[in-house]
Amino acid sequence: MDILVIGSGGREHAIIRKLRQSPRVGRLYCAPGNGGIAQDAECCPVNAMDKAGMLALAKEKAVDLVFVAPDDPLGAGMVDYLEEGGFLCYGPNCQAAQIESSKVFSKNLMKKYGIPTAGYEVFDDPAAALAYIKSQNQYPAVIKADGLAVGKGVVIAQNEKEAAEALHSLMEDKIFGDSGNRVVVEEFLTGPEVTVLAFTDGKVMRPMAASMDHKRAHDGDQGPNTGGMGTIAPTPLYTEEIAQTCMEKIFMPTMEAMNAEGRPFKGCLYFGLMLTPQGPKVIEYNSRFGDPEAQVVLPLLETDFAEIVEATARGTLGDVDIRWSKEACACVILASGGYPGGYEKGKAITGLDEKGQAEGVEVIHAGTQYENGGFATSGGRVLGITAKAPTLEEALSRAYAAADRIHFEGCFCRRDIGARALGR
């Protein structure tokens, strides 16, 4: 199969590197891609949101399947458009992708079908939202933009002042555009966070290894929320008993709820979970592979990834035997100084070979460009240093040892990835 992957970040590079391992895969294309992805696939300068451009590219390259990886094109109906154009696609259509693209839709879905989640209310008026938060007088209060906001549309307000500022930014200043026209105000849940990605074709649900992301910029979960500073899989906090509960009360009910709503979901369904004292609850759904969760889950997959992708797209996932490694995987993100705020681009990266890799690990490129015979930074999250080993401690040790050999001006990373899962 010749495959076109849509996207340009670390998730897409992880997907492409896994697809490359399959004897079923011929040519690999990525649009628009990045400097590191260009070492593993032919990058094509088409914007990920350009439906007409993407259809023209798929026709020009005569691909057999298009893998739509990021949230924005999924929410905008890229799969619908390409399928109407005659192409087999991996990823949900617009109606199913609303499970991520509208927080209001997903919360109402959970309420309707009894799927455990935080209590919440929906508002389209900032004054009414603030009045509700004041009347509840329970902090922290969680405020979420309804629509997509590059993973940054959630504010955890510690007091009334922070809540008012968040509502003003989201709903009046519209820092995320129309995504903030409505907000969800929900109760703050406590407990460890776990991410479970699942392959599903709307008929069967096949959970992947459970992972744990680290969202805050700095050690000890300090600093602002980011797109993710590192992750591990599997997380020892996700026991067999919890997995069984999630399958019965969350995973299967979500698939069945989407079917009942006439929105069958095909692709990768992301369950962001909180393991609360009352049991696991859903914090959020995503309609695609997480980033950087894909970077640690896919290396543990032993079954041919391309076979799973094609079966999911064709609705025959139940015919595939999906097997997982017993090893552990860790990913440490190297980020640009100032991220997730302002940062400079174009910083030369040293410590990588000509393929953008490093010995003993897999280097996933999230924000790089290739110029003048070398790699340079082009994003906030630059590289994901990913290592696999028999134990989580060993995987983390390998990842950090390799990360310490890679440099660019302003580079920083968290030094405590996986510490909480190891009880440190």
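Here are a few friendly notes on a helix, a strand and a pocket in this predicted model.

1. Let's start with helix α2, residues 51-61. Its buried residues are Gly-53, Met-54, Leu-55, Leu-57, Ala-58 and Lys-61.

2. At the start, Asp-50 brings a side-chain oxygen to within 3.5 Å of the backbone nitrogen of Ala-52. After the helix comes Ala-62, with a positive phi near 50°.

3. Next, strand β22 (residues 381-389): is it mostly covered or mostly open? It is mostly covered, with eight of its nine residues buried. Strand β18 (residues 328-335) runs antiparallel to β22 and is joined to it by eight bridges; here Val-332 sits opposite Ile-385. Strand β19 (residues 362-365) also pairs with β22 in the antiparallel sense, over four bridges, and Glu-362 faces Thr-386.

4. Finally, the second largest pocket holds about 560 Å³ of space. Among its 23 lining residues, Pro-207, Met-208, Ala-209, Tyr-238 and Glu-240 are the closest to the centre. Two elements, β11 (205-207) and α9 (240-260), each give two or more residues to the lining, and α9 has the largest share with four. By type, the lining has 15 nonpolar, three polar and five charged residues.

Notes
Residues are numbered from 1 along each chain as its sequence is written. This is a predicted model: local features need pLDDT of at least 70, side-chain atom pairs count only at pLDDT 80 or more; totals for chains, interfaces and linings use all residues. Side-chain values use heavy atoms; hydrogens and water are left out. On a 1 Å grid over the protein atoms alone, a cavity is a set of points where a 1.4 Å probe fits but cannot get out, and a pocket is an open set with protein on both sides within 12 Å along at least five of seven lines; lining residues have an atom within 4 Å of a point. Grid points are joined across faces, edges and corners, and a volume is the space filled by probe spheres set on the points. Ala, Val, Leu, Ile, Met, Phe, Trp, Tyr, Cys and Pro count as nonpolar, Asp, Glu, Lys and Arg as charged, and the others, Gly among them, as polar. Buried means under 20% relative accessible area, exposed over 50%, partly exposed in between (1.4 Å probe, protein chains only). A polar contact is a pair of N or O atoms within 3.5 Å; within protein, one must be able to donate a hydrogen and the other to accept it, and residues adjacent in sequence count only if both atoms are side-chain atoms. Two strands pair if DSSP finds at least two bridges between them.
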